[in-house]
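This report works through selected features of the structure shown below, chain by chain and at one contact between chains. Please read it alongside the sequence and the coordinates.

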Amino acid sequence: MDRVPILKIGQTLLVPIQVELEDQSVLQLREDLADEIVATGAKGVIIDISAVEIVDSFIGRTLSTIGSMSRLFDADTVLVGMRPAVAITLVELGLSLEGVRTALNAEQGLRLLGAGS
Amino acid sequence: MDEVPIKASNDVVHVRQKVRVAAAGTGMSLVDQTKIVTAASELARNTLVHGGGGMARVEVVSAGSGRAGVRVAFSDHGPGIADPGLALTDGWTTGNGMGLGLSGARRLVDEFDLATEPGEGTSVVVIKWSR
Amino acid sequence: MQLNSDQARIAEFLRDNEDKVVGRWADLTAAGIGHRLSAAELRRELEETYTLVVRSIIGADESAAGELRATLAELSRSRARNGFTPGETALGLFSLKHAVYELVADDKDLVPEFLAFSRTIDDLGLFTFETYAAAREQVIADQGQAMLELTTPVVRLWDGILAVPLVGTLDSARTQVVMEQMLDTLVATGAQHAVIDITGVPTVDTEVAQHLLKTVMAARLMGAECTISGIRPQIAHTIVSLGIEFGDVPTKATLADALAYALKRSGRKVVQA
């Protein structure tokens, strides 16, 4: 199973998802992220899904819960780089991705994190 | 035709990969490819989680007018769905994590067929055509 | 197509008289083709086809039959692209029958085999017709697609603000193409605002309205905002009576209003110089 890497940039954690997401990887990411947020005291998380071709309901729900969980640790989560085809499919599936905010790219994501409190 | 056994959670990824290859081969648009692969992912997971494991059959099909499409058939010998009508309504969407995601998957494909027998198992066949 | 080893005699005849037959075939065909193909090119094409025809008739050489069909399909497609009529292409093939018949008419041994040969050529002629039709369909489809893309521009209205001015009657297919183009442009430019202007759209049906709505929701999911502008009274009426909920999608009467709104949302102000 491929573990998703978590990088630290200042007060922000950057999570670039480069691989085909298996259920186990996503659940593992949620655990790893919880540990990292607590360990680093990070205030923001950017999850980069620009390389992700498929987001189904399980992955979508898990990304939402990652957002809610981060909130519990006083950190905001922004999902960046969602592909148009993925967005169109999520709309059709009826998924609204509560718990996370979204931005077109990491740069805008960082701005969102900076502006929010 | 490709047969993919669905026994463990990484088999969901295998199903996606097979469906993606088949869809790309038909020349369907990227958005349509994404839709059928995502629908297949939903249904494969259902087969695993609710059906106790089963099988997916992926094949490229063609319509009379020469259009190509992807047909994916899921089958399991699990408990079946007691109230299929209810399962297909939006009240059972995947938003709250309790639904079967069937209604969502149905919106993503062109043809959708569900057959289920409580105690015997479930079969779902979906087709997406290239335009 | 029949592969018949009872055609041994005619096959041998064809092989032994290749030059004479192909020469006559070229004469008969050249008249119809005129100057669209040079004599040398035509001769080459006919020789290639001839060799494959003979090979496949000799019998049971499945790969020759396949190659023959493939060669004829390619020939037919290229003729289609160069503006030949399907009749001209098929006639070219039928001329082979004439060329052969002229030479075997007096030989009563060959006549029965000629009938089978004739049927084979008829089938091939039909095949070129079918391939031609399919090729033309493809050209038309490609042109349709190109037109679709040409008539639906996404413009950069301002830094970070895109506009999609829709004009004319919208159908489901066109709406989807435009909407996908808009979403792709959002990613490519990093624009956070898009205005979909429907001032130039006389009517909107349920399907189109739903596509618009879904696109707005998709843009939002991606991290951008959409405004719909130019909703005329007639369209507003249709939308309400169809029961379509525009919910919290901002709508503005004019493109100008939508631009002002987007500028404000992106934290910018327009001041007198």
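## Helix H10 of chain C

Just after H10(C), Gly267(C) adopts a positive phi of about 75°. The model is a predicted one, and the helix itself spans residues 255–265 of chain C, with Ala258(C), Leu259(C) and Ala262(C) buried. Because these residues cover an arc of only 100° around the axis, they lie on the same side of H10(C). As a general point, an α-helix has 3.6 residues a turn, so residues three or four places apart point the same way.

The face of H10(C) turned away from the buried side carries Ala256(C) and Lys264(C), which are exposed. On the buried side, the packing partners are five strands of chain C, namely E1 (155–158), E2 (161–167), E3 (193–200), E4 (225–229) and E5 (251–252).

## Domains of chain C

The domain assignment divides chain C into domain 1, covering 5–148, and domain 2, covering 155–265. Taken over C-alpha atoms, the centres of domain 1 of chain C and domain 2 of chain C are separated by 54 Å.

## Helices H1 and H2 of chain A

How do the axes of H1(A) and H2(A) cross, and within what distance do they come? The two axes come within 10 Å and cross at roughly 10°. Since angles under 35 degrees count as roughly parallel, H1(A) is therefore roughly parallel to H2(A).

From H1(A), the residues that meet H2(A) are Asp23(A), Val26(A), Leu27(A), Arg30(A), Leu33(A), Ala34(A) and Ile37(A), and their counterparts in H2(A) are Phe58(A), Ile59(A), Thr62(A), Thr65(A), Ile66(A), Met69(A) and Ser70(A). By class, this contact of H1(A) with H2(A) is made up of nine nonpolar, three polar and two charged residues.

For context, most residues other than glycine have a negative phi.

Asp74(A) is found in the loop between H2 and strand E4 (76–80) of chain A, and it counts as exposed because it has 10 C-beta neighbours inside 10 Å. Leu97(A), by contrast, is found in the loop between H3 and strand E5 (101–103) of chain A, and it counts as buried because it has 20 C-beta neighbours inside 10 Å.

## Contact between chains A and B

Between these chains, 18 residues of chain A are in contact with 23 residues of chain B. On the side of chain A that touches chain B, the elements giving two or more residues are helix H1 (23–40), helix H2 (57–72) and helix H3 (84–93) of chain A, and the largest share, six residues, comes from H3(A). The residues on this side of chain A divide into seven nonpolar, four polar and seven charged.

## Ala22 of chain B

Ala22(B) is found in helix H1 of chain B, which covers residues 10–26, and with 26 C-beta neighbours inside 10 Å it counts as buried. Leaving aside its neighbours within four places in sequence, Ala22(B) is in contact with Val58(B), Val60(B) and Val70(B). Although Ala22(B) and Met1(B) are 21 residues apart along the chain, their C-alpha atoms are separated by 9.5 Å.

Terms used: Residues numbered from 1 in each chain as written. Chains lettered and ligands numbered in written order. Predicted model: local features only at pLDDT ≥ 70, side-chain atom pairs only at ≥ 80, totals over all residues. Buried ≥ 20, exposed ≤ 12 C-beta atoms within 10 Å, placed from the backbone. Helix = DSSP H or I, 4+ residues; strand = E, 2+ residues; numbered from the N terminus. Arc of directions from axis to C-beta. Contact = placed C-beta atoms within 7 Å. Nonpolar A, V, L, I, M, F, W, Y, C, P; charged D, E, K, R; others polar. Domains from an automatic or database assignment. Axes fitted to C-alpha atoms, helices over the stretch in contact; angles between N-to-C directions. Parallel < 35°, antiparallel > 145°, perpendicular 65-115°, else oblique.
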